[in-house]
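These are my notebook entries on a structure that I had not looked at before. I wrote them in the order in which I looked things up.

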Amino acid sequence: MKTLSTQVVIVGAGPSGLLLGALLHKTGIDHIIVERQSADYVLGRIRAGVLEQGTVDVLGRAGVAERLHKEGLRHDAFALIFKGEFHRIHIAQRQHGKHMTVYGQTEVTRDLMDHRAALGLQTIYSAGDTVAVRDFDTQQPRVSFRQNGEEIEIKARFIAGCDGYHGVCRASVPAGSIQNFEKAYPFGWLGVLSDTPPVYHEVTYSNTERGFALSSMRSLTRSRYYIQCGIDEKVENWSDARFWTEFKARIDPEAAKRLITGPALEKSIAPLRSFVAEPMRFGSMFLAGDAAHIVPPTGAKGLNLAAGDVNVLSQAMAEYFTEQSSGGIDNYSARCLRRVWNAERFSWWFTSLMHKFPDSPGQSTGFQQKMQEAELDYLMHSEAALQSITENYVGLPH
Ligand code: APR
Ligand code: PHB
């Protein structure tokens with residue numbers, strides 16, 4: 001048995017774990033990250049790409065925002081399409097100049113990994129499926145795993161569970177100590193990445209009688225498009241041609257004419273889910289990011305919620321180790337859950353507004369669509385409603 005010792009063990013080297021590590025390093029807190037997969041595997045994941053102002057600020061505080069500021073695309077507005085008409089919603093004018101930044105999660109992860117390597121911070125990749133968290137109900141928690149035939153154990157004061165929805169940390173909490181809240185949506189998103197110029201210059205969400213579509217991008221030459229699809233759809237049944245035909249039918253006619261199509265660099269289907277685990281702290285173990293919550297992607301809150309969690313957690317741990325105060329760690333869960341539930345509500349609302357739902361009993365076909373169109377019409381003609389959607393879209397305070 002090889003034994004290591006540190007102040008914090010971070011389980012998971014996704015955005016949550018890597019960003020927490022960068023923030024802990026900034027405050028001189030010793031930590032080790034243990035990641036199940038290889039670094040290449042982590043980098044290979046295609047995820048969202050729209051950052052709130054608060055997330056950009058945290059990345060700046062962590063010292064990893066240089067490339068983001070050079071290459072990220074500033075977006076002062078986003079747009080909605082319904083009844084075939086295009087409606088732009090300006091954020092910055094309504095939210096004191098706060099805006100969104102388009103910068104792929106893969107690039108955020110790459111920047112965090114490069115930063116870590118440059119600093120020589122310890123990241124144990126390919127730890128495999130034997131990672132276990134132990135004694136987190138004491139002040140001497142441990143993380144153990146078997147690698148290359150050797151048992152390794154890491155002793156620490158805290159464990160940060162940044163291991164995502166399918167991770168080991170939340171799964172290790174006794175059933176009676178945790179409450180899970182979840183909702184599965186009756187559809188998924190079929191996403192395509194293509195080296196084609198985006199058809200809109202800002203993120204655009206479409207509500208049509210055929211279903212939802214989203215036009216986003218990773219740069220001015222790389223588009224990220226999605227269409228709502230059935231939960232039983234198989235990606236192999238969607239040729240590029242079939243995707244482009246359906247996508248064109250769900251954007252405004254002018255855009256459909258100018259759309260430049262191309263081969264899909266990546267094509268995948270993801271289910272939509274709302275999920276929250278309460279609380280987010282169990283003795284010496286803290287959950288952050290997807291390990292604690294999942295939002296439907298409408299509104300791009302996933303990565304931004306993760307950044308908020310680790311921003312709060314890093315400050316709480318700094319208070320503990322430098323001021324011997326437990327106030328921050330004792331308040332971590334309640335403080336994060338308030339923002340998490342606000343984002344869950346917004347993501348659920350936006351998803352409910354923009355997607356085609358199956359008819360409900362006692363509801364005639366088309367009634368749901370009429371309700372959505374009425375709400376969208378009200379939204380576009382009410383400054384109060386526009387204040388509300390832009391405040392939530394640009395992100396609530398951490
Ligand atoms: N041991 C060690 N690492 C693990 C384990 C385990 N038992 N289980 C999972 N992991 C790793 C995964 O391989 C992954 O790299 O934890 C990491 C979790 O990363 P994410 O799932 O990306 O979650 P998070 O870092 O919280 O980032 C949230 O990612 O999924 C998107 O939409 C989500 O944008 C949001 C962001
Ligand atoms: C993306 O660019 O992948 C994206 C953008 C906005 C969303 C969701 C995903 O609401």
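The entries below go from the conventions to the ligands, then to the cores and to some single residues.

**Entry 1, conventions.** I am working with a predicted model, in which local features need pLDDT of at least 70 and side-chain atom pairs count only at pLDDT 80 or more, while totals for chains, interfaces and linings use all residues. Residues are numbered from 1 along each chain as its sequence is written, chains are lettered from A and ligands numbered from 1 in the order in which they are written, and side-chain values use heavy atoms, with hydrogens and water left out.

A polar side-chain atom of Glu35 is 2.6 Å from an oxygen atom of ligand 1, and an N or O atom in the side chain of Ser16 is 2.7 Å from an oxygen atom of ligand 1. At Arg36 the backbone takes part, with a polar backbone atom 3.0 Å from a nitrogen atom of ligand 1. Taken alone, ligand 1 exposes 720 Å², of which the protein buries 90%; the areas come from the Shrake-Rupley method with a 1.4 Å probe.

Around ligand 2 I found 15 residues, and the closest are Tyr205, Ser216, Arg218, Tyr226 and Gly299. They divide into nine nonpolar, four polar and two charged. An oxygen atom of ligand 2 is 2.8 Å from an N or O atom in the side chain of Tyr205, and an oxygen atom of ligand 2 is 2.8 Å from a polar backbone atom of Gly299. For Ala300, a backbone N or O atom lies 3.2 Å from an oxygen atom of the ligand. Taken alone, ligand 2 exposes 280 Å², and the protein buries 99% of that. Strands β16 (211–217) and β17 (223–229) are the elements that give two or more residues to this shell.

How many residues are in the largest nonpolar core? I found 77, with Val8, Leu19, Val34 and Met317 making the most contacts inside it. Such a core is a set of buried Ala, Val, Leu, Ile, Met, Phe, Trp, Tyr and Cys residues joined through side-chain atoms within 4.5 Å. Helix α8 gives the most to this core, with eleven residues. Not counting residues up to four places away in sequence, Met317 touches Val8, Leu24, Ile29, Phe158, Phe286 and Ile329, contact meaning heavy atoms within 4.5 Å. A second, separate core of 34 residues includes Met100, Tyr226, Met354 and Leu379.

Is Glu246 buried or exposed? Glu246, in helix α6 (residues 240–248), counts as buried because its relative accessibility is 12%, where buried means under 20%, exposed over 50% and partly exposed in between (1.4 Å probe, protein chains only). Leaving aside neighbours within four places in sequence, Glu246 is in contact with Arg210, Ile227 and Trp238.

Phe86, in strand β7 (residues 85–90), is partly exposed at a relative accessible area of 38%. Beyond four places in sequence, Phe86 touches residues including Tyr200, Thr204 and Asp252.

I noted a cis peptide bond joining Glu278 and Pro279, with omega about -10°; Pro279 lies in the loop between β18 (264–278) and β19 (281–282). Ser126, which is not a glycine, has a positive phi near 55°, and is partly exposed at 41% relative accessibility. Gln324, also not a glycine, has a positive phi of about 55°; Gln324 sits in the loop between α8 and α9 (327–354) and counts as exposed at 61% relative accessibility.

Conventions:
Near = heavy atom within 4 Å. Polar contact = N/O pair within 3.5 Å; in protein donor to acceptor, adjacent residues only side chain to side chain. Helix = DSSP H or I, 4+ residues; strand = E, 2+ residues; numbered from the N terminus. Nonpolar A, V, L, I, M, F, W, Y, C, P; charged D, E, K, R; others polar.
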